[in-house]
Protein chains: 2
Amino acid sequence: MKSNSSEVERFLVARGVKPTPNRILVAKQLMIYNHPLSLADLEIELDPMDRASIFRVLELFASKDLVHVIEDGSRSVKYEICLSVDHHHISDQHVHFYCEKCKETICIEDVKVPEVKLPEGYTLRAVNYVLKGFCPKCGKG
Amino acid sequence: MKSNSSEVERFLVARGVKPTPNRILVAKQLMIYNHPLSLADLEIELDPMDRASIFRVLELFASKDLVHVIEDGSRSVKYEICLSVDHHHISDQHVHFYCEKCKETICIEDVKVPEVKLPEGYTLRAVNYVLKGFCPKCGKG
DNA sequence: TAAAAAATGCAATACGGTTGCAGGAATATG
DNA sequence: CATATTCCTGCAACCGTATTGCATTTTTTA
């Protein structure tokens with residue numbers, strides 16, 4: 001996983017984002033962890049960076065498709081860095097599993113989001129497919 | 001769509017829920033609309049019923065599988081009445097479409113949630129598959 | 001180098017969800 | 001039938017997360 005600053009910087013620039021200190025830190029953090037993080041998670045990791053600043057960075061990243069936004073049904077939205085440019089095609093996205101016991105959101109890289117055919121007239125822009133239950137660590141509940 | 005009180009009452013009793021006035025009203029409202037409603041939606045429709053009361057009714061309904069809980073990525077959870085008993089099998093559930101412009105969540109009854117095969121060790125209990133974009137009414141955005 | 005624009009941090013706010021508590025209705029018990 | 005107990009309800013307070021407004025600092029532009 002790439003993590004040194006200049007690499008992160010290049011990544012940001014390549015995606016049309018000006019590499020400010022905060023943006024580099026947020027991106028780096030998202031790269032180090034390889035599972036979706038919430039705003040609160042990042043706030044802890046990036047202390048003392050301000051929550052609003054992190055929020056705005058994530059907002060920007062999302063608008064430029066640098067992150068996937070995952071709503072796992074926990075009360076907070078999760079963000080996952082998206083390194084490859086073509087992972088916006090739905091069929092390239094993997095599903096996520098939310099463990100109702102340990103509250104972790106896990107990427108199931110092996111399982112891609114299955115595509116469905118929408119009726120006429122709909123314009124599809126994103127998809128959110130989250131499976132819920134108990135993860136292997138938490139057993140049968 | 002069934003909507004008179006005695007029918008709703010029978011529905012509740014059949015599912016093991018005591019048919020109190022509030023519960024009947026909430027269930028009826030969910031039946032009248034045939035798309036998922038948020039707590040706030042219901043609060044408006046059922047005025048002057050108390051928010052906490054509606055909340056507790058929904059909580060009860062969810063625990064008894066009388067409603068599907070849908071997280072569409074808007075900030076609020078949506079509830080959709082589930083008339084048939086066997087719609088808890090994932091493959092029986094339909095997908096939902098969230099319009100990013102008009103903020104409505106629409107049931108795509110025709111499109112069932114595709115099943116995926118999880119790796120060993122996971123216990124699947126629920127699934128949330130929401131498509132996002134623009135609905136036919138809102139066009140291409 | 002001055003003006004403009006962008007990024008940041010702080011504080012305040014909005015919002016949806018949730019809980020504690022007390023009164024009242026329904027139900028069970030003697 | 002009277003009383004105890006449980007359940008339901010509404011009110012008000014609270015919580016956590018997301019979001020915004022504004023002033024300050026930093027960067028970019030002219």
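Mentor: Let's start with strand 2 of chain B and strand 3 (residues 78-81) of chain B, which run antiparallel and are joined by four bridges. Strands here, like helices, are DSSP runs numbered from the N terminus, with at least two residues (E) for a strand and at least four (H or I) for a helix. Across this pairing, B:His68 faces B:Glu80 of strand 3 of chain B. Strands count as paired if DSSP finds at least two bridges between them.

Before going on, a word on what you are viewing. This is a predicted model, in which local features need pLDDT of at least 70, side-chain atom pairs count only at pLDDT 80 or more, and totals for chains, interfaces and linings use all residues. Residues are numbered from 1 along each chain as its sequence is written, while chains are lettered from A and ligands numbered from 1 in the order in which they are written.

Three strands of chain B make an open antiparallel sheet in the order 1-3-2. Strand 1 (37-38) and strand 2 (67-70) of chain B are its edges, each pairing on one side only. Across strand 1, strand 2 and strand 3 of chain B lies helix 2 of chain B, at about 85° to strand 3 of chain B. Such angles run from 0 to 180 degrees between N-to-C directions, with axes fitted as lines to C-alpha atoms, for helices over the stretch in contact.

Follow helix 2 of chain B to its neighbor: its axis and that of helix 4 of chain B come within 10 Å and cross at roughly 75°. The two helices are therefore roughly perpendicular to each other, a label for angles of 65 to 115 degrees (under 35 is roughly parallel, over 145 roughly antiparallel, the rest oblique). B:Asn22, B:Arg23 and B:Val26 of helix 2 of chain B meet B:Ser53, B:Ile54, B:Val57 and B:Leu58 of helix 4 of chain B; contact means C-beta atoms, placed from the backbone, within 7 Å. These contact residues divide into four nonpolar, two polar and one charged. Ala, Val, Leu, Ile, Met, Phe, Trp, Tyr, Cys and Pro count as nonpolar, Asp, Glu, Lys and Arg as charged, and the others, Gly among them, as polar.

Next comes the DNA. Of the 19 residues around DNA strand D, A:Leu39, A:Ala52, B:Thr20, B:Asn22 and B:Ser53 come nearest. A residue is near a strand if its C-beta atom, placed from the backbone, lies within 6 Å of it. Around DNA strand C there are 20 residues, the closest being A:Thr20, A:Asn22, A:Ser53, B:Leu39 and B:Ala52. Helix 4 of chain A gives the most to that surface, four residues.

Finally, look at how the chains relate. A rotation of 178° with 0.1 Å of shift along its axis superposes chain B on chain A with an RMSD of 0.3 Å, fitted by least squares on the C-alpha atoms of residues with pLDDT of at least 70 in both. That is the relation of a two-fold axis. Within chain B, the C-alpha of B:Tyr129 is nearest the axis, 2.1 Å away.

Definitions and conventions
Contact = placed C-beta atoms within 7 Å.
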